[in-house]
Amino acid sequence: MIRSLISLYLPRYPETLVYMLQNTEYQIVPYLKWLHRTNDFGRVMYRRELNRTKPAKLLLVFLKVGIIIQLLIGAALIFLGIDGGLSGGVTFGLVMVILYPFIWPYIMVLPIIFGRQLMNNTVRKGQINKSQEIFARHTGIKIAVAGSYGKTTMKELLATVLSYGFNVAATPANKNVSISHAKFADSLSGKEEILIIEYGEGEVGDVKRFADITHPTHGIITGIAPAHLDRYKTLAAAGGDIFSVADYLDNRNVYVNIDSRDVKPFLKKTFNLFGQEGALGWKFKNVQVQLTGTSFVMQKGPKSIALKSGLLGRHQVGFLGFVAAFALELGLSESKLVEAIAKTQPFEHRLKPYQLAGAWVIDDTYNGNIEGIRAGTRLLKDLPAARKIYVTPGLVDQGEENENVHKEMGKLIANSGADIVVLMKNSVTEHIKDGLEINGFKSKLLIEDDPLSFYQNLNHFVASGDIVLMQNDWPDNYS
């Protein structure tokens, strides 16, 4: 109790508040929820530091100046009360000095609210309207990529492979909302032959709005899984929003990942389905998975093409094969296709392998859904190792599916062949443990109370010949 109270008056308290806002992406409600459940503000930034972007710096200056002004007024009232006989001065002054840590966490959100309102009503609205005109006039193929997971991977694969035969532009990184689309549109020359636009999703209506603005000619749906259910509430609502891009396209030129179990209620006869078995009339065979990449053969009638990618995992074959088949339909030559697929490499924190103390670590910490867990645990099962070690804190934003998802996660881990499982202790740990126990997990289970220390000392935990799969990261604003 005393430690918690002292943490409110530490010099880093203002920085901690800005850090909390930054790590909830300046969303007021998640920030306030984190604020209300935090007991010790001195431990909030124990894993990371504030990223001093321009908005963060401005907000920190606003907060510090406001606190200093309040403290000066409080001190002045105390002085006037003692020395000048001002009635109630000491009491009011002390109240102002003592209560500033309880007042400014709420005052500091006001610039965000007003600034966001101003941006939405003026600058952003104008940029988005302009982008809608740019996309409508653009004569190139416009490919929308939507889904609960795999969007950035699909977009980057398309951009890499199609650029071997076409003038291609794609939205950068995971910039996938309207203002990002607007900035992307502003960067276009108009001479591009293919545009690839990633669609984010956060609440019902997002994908429909993105489609109305970007005017896609083709839509690729990478899959549906429990994600953002704190806002969508149900998986059906998330799926309905994602498949609204198909409605925009009148269900034509729509390509859907059939490996995703939860897409089935939304399928139409006119959709083109793809997955690990095949795509667009091609069959995928002879899959080989190694730490150096994944190879397979795509075959249609008497024709066959052998492909090798740097991406890891059997689950990658569906995406790679679809992109290859799609590129061939657009006119890319077979020789260029083989060269392009060979250039595809793992993305940062998405099943990216690296060596540590003689062990292989597979970093999949950006993964945040059950389908990614399914793919990662299958990869771990496929790869030979002296010891197989699985590390995770669990998943966030699973909504009403939280318990079921984490029990399913326990089942997948139990079936992965892991010799050691390390769970980062938090609110979902018991659900994962239940899933492990129900499915007969008999190997070593460790519950880690200090994730930061574990990750920092991972080199002391592993041995030569080990494979360590790390899936998902647990943001500081979750408990």
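Me: Which residues form one aromatic cluster?
Reply: This is a predicted model, in which local features need pLDDT of at least 70, side-chain atom pairs count only at pLDDT 80 or more, and totals for chains, interfaces and linings use all residues. Residues are numbered from 1 along each chain as its sequence is written, and side-chain values use heavy atoms, with hydrogens and water left out. Rings of Phe, Tyr and Trp (its six-membered ring) pair if their centres lie within 6.5 Å. The cluster consists of Tyr255, Phe274, Phe319, Phe322 and Phe326.

Me: What kind of pair do the rings of tyrosine 255 and phenylalanine 326 make?
Reply: Planes under 30 degrees apart count as stacked, over 60 as edge-to-face and the rest as tilted. The centres of tyrosine 255 and phenylalanine 326 are 5.4 Å apart and the planes stand at 75 degrees, so the pair is edge-to-face.

Me: How many residues apart in sequence are the parts that tyrosine 255 and phenylalanine 326 tie together?
Reply: Helices (H or I, at least four residues) and strands (E, at least two) are DSSP runs, numbered from the N terminus. Tyrosine 255 sits in strand 5, and phenylalanine 326 in helix 13 (residues 316-330). So the parts tied together are 71 residues apart.

Me: Is phenylalanine 326 buried or exposed?
Reply: Buried means under 20% relative accessible area, exposed over 50%, partly exposed in between (1.4 Å probe, protein chains only). Tyrosine 255 has 5% and is buried. Phenylalanine 326 has 1%, so it is buried.

Me: How many aromatic pairs does the structure hold, and what is the angle between the planes of phenylalanine 243 and phenylalanine 266?
Reply: The structure holds 16 aromatic pairs. Phenylalanine 243 and phenylalanine 266 form a stacked one, 5.1 Å centre to centre. The pair links loops 23 residues apart: the one between helix 11 (235-242) and helix 12 (244-248), and the one between strand 5 (254-257) and strand 6 (272-274). The angle between the planes is 15 degrees.

Me: Which strands are the edge strands of the open sheet of 6 strands?
Reply: Two strands pair if DSSP finds at least two bridges between them. The order is 11-12-16-13-14-15, with mixed pairing. Each edge strand pairs on one side only. They are strand 11 (352-356) and strand 15 (444-448).

Me: What is the bridge partner of methionine 424 in strand 15?
Reply: Strand 14 (residues 420-424) and strand 15 run parallel, joined by 5 bridges. The partner of methionine 424 is glutamate 448.

Me: Why is helix 8 largely enclosed by the rest of the structure?
Reply: Helix 8 covers residues 178-186. Its buried residues include His181 and Phe184. Helix 8 is largely enclosed because the buried residues number 7 of the 9.

Me: Which residues does asparagine 459 touch, not counting residues up to four places away in sequence?
Reply: Asparagine 459 is in helix 19 (residues 458-461). It is partly exposed, at 33% relative accessible area. Its C-alpha atom is separated by 9.1 Å from that of glycine 358, 101 residues apart along the chain. Contact means heavy atoms within 4.5 Å, and asparagine 459 touches Leu356 and Ala357.

Me: What share of the residues of the protein count as buried?
Reply: The protein has 19 helices and 16 strands. Its C-alpha atoms fill a box of roughly 100 × 60 × 35 Å, taken along the principal axes. Of its 479 residues, the buried share is 49%.
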